[in-house]
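Please open the model in a viewer and keep the selection panel at hand. The stops below proceed by residue number.

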Amino acid sequence: MMTVFDVLKIVTINHMPVDIQQIVMTDTKGKPNSVLTDLLNDVLGKVRIFIDLQEMTSVGQLVDELKMFTPLPTDVLSEYTKILEQPVSSINFAPRKQQIELVYDEYTY
């Protein structure tokens with residue numbers, strides 16, 4: 001099964017990384033989850049500042065890099081790991097809303 005990390009590695013728009021504000025975590029009914037979306041946006045904000053996502057081969061490597069370059073506490077890095085390892089059941093492109101919805105069946109953590 002594909003994870004949030006996998007999606008972030010492969011999805012681009014016009015051959016550029018997706019804008020952080022365009023990604024939304026939604027359940028299978030299309031209802032956005034603001035807590036998960038905010039967490040993902042926080043992760044992506046840090047990644048864009050400190051890390052080249054395309055050079056990362058795993059969630060573990062990404063989190064280790066963040067550990068090295070940021071003063072983030074262990075519990076925050078643990079939450080980052082959880083959202084990046086979250087399975088994604090589908091991707092919905094919503095052009096009218098200018099969003100990419102990462103659909104999850106159930107939050108696994």
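The model is predicted: local features need pLDDT of at least 70 and side-chain atom pairs count only at pLDDT 80 or more, while totals for chains, interfaces and linings use all residues. Residues are numbered from 1 along each chain as its sequence is written, and side-chain values use heavy atoms, with hydrogens and water left out.

**Stop 1: helix 3**

Select residues 59-69, which form helix 3; helices (H or I, at least four residues) and strands (E, at least two) are DSSP runs, numbered from the N terminus. Within helix 3, highlight Val59, Leu62, Val63 and Leu66, which are buried. These residues lie on the same side of helix 3, because they cover an arc of only 95 degrees around the axis; the arc is that of the directions from the helix axis to the C-beta atoms. Buried means under 20% relative accessible area, exposed over 50%, and partly exposed in between (1.4 Å probe, protein chains only). The cover over the buried residues of helix 3 includes helix 1, helix 2 and helix 4, where contact means heavy atoms within 4.5 Å.

Next, turn to the face of helix 3 directed away from its buried side, where Lys67 and Met68 are exposed. The side chain of Lys67 meets that of Asp64 in a salt bridge (3.9 Å, N to O); a salt bridge is a side-chain nitrogen of Lys or Arg within 4 Å of a carboxyl oxygen of Asp or Glu. Lys67 and Asp64 are three residues apart in helix 3, which means a separation of about one helical turn. Asp64 is partly exposed, at a relative accessible area of 45%.

**Stop 2: the nonpolar patch**

Which residues make the nonpolar surface patch of about 450 Å²? Select Ile49, Phe50, Met68 and Phe69. Patches are made of residues with over 30% relative accessible area and no salt bridge, with like charges joined within 9 Å and nonpolar side chains (Val, Leu, Ile, Met, Phe, Trp, Tyr) within 5 Å. Accessible areas come from the Shrake-Rupley method with a 1.4 Å probe; for residues, only the protein chains shown count as cover. Helix 2 (34-50) and helix 3 each supply at least two residues of the patch. Met68 has a relative accessible area of 57%.

**Stop 3: helix 4**

Select residues 74-85, the 12 residues of helix 4. Leu77, Tyr80, Ile83 and Leu84 are the buried residues of helix 4. They fall within an arc of 120 degrees seen down the axis, so they line one face of helix 4. Helix 1 (4-10), strand 3 (23-26), helix 2 and helix 3 are among the elements covering these buried residues. Thr74 and Asp75 are exposed on the other side of helix 4.

Now select Glu79 and Lys82, whose closest N and O atoms are 3.1 Å apart in a salt bridge. Glu79 is partly exposed at 32% relative accessibility, and Lys82 is partly exposed at 25%.

**Stop 4: the loop and beyond**

Select Ser89, in the loop between helix 4 and strand 4 (90-94). Ser89 touches Thr28, Val103, Tyr104 and Asp105, not counting residues up to four places away in sequence.

Finally, select Lys97 and Glu101, joined by a salt bridge with the closest N and O atoms 3.0 Å apart. Is Glu101 buried or exposed? At 6% relative accessibility, Glu101 counts as buried.

How values were computed: Expected span 1.5 Å × (residues − 1).
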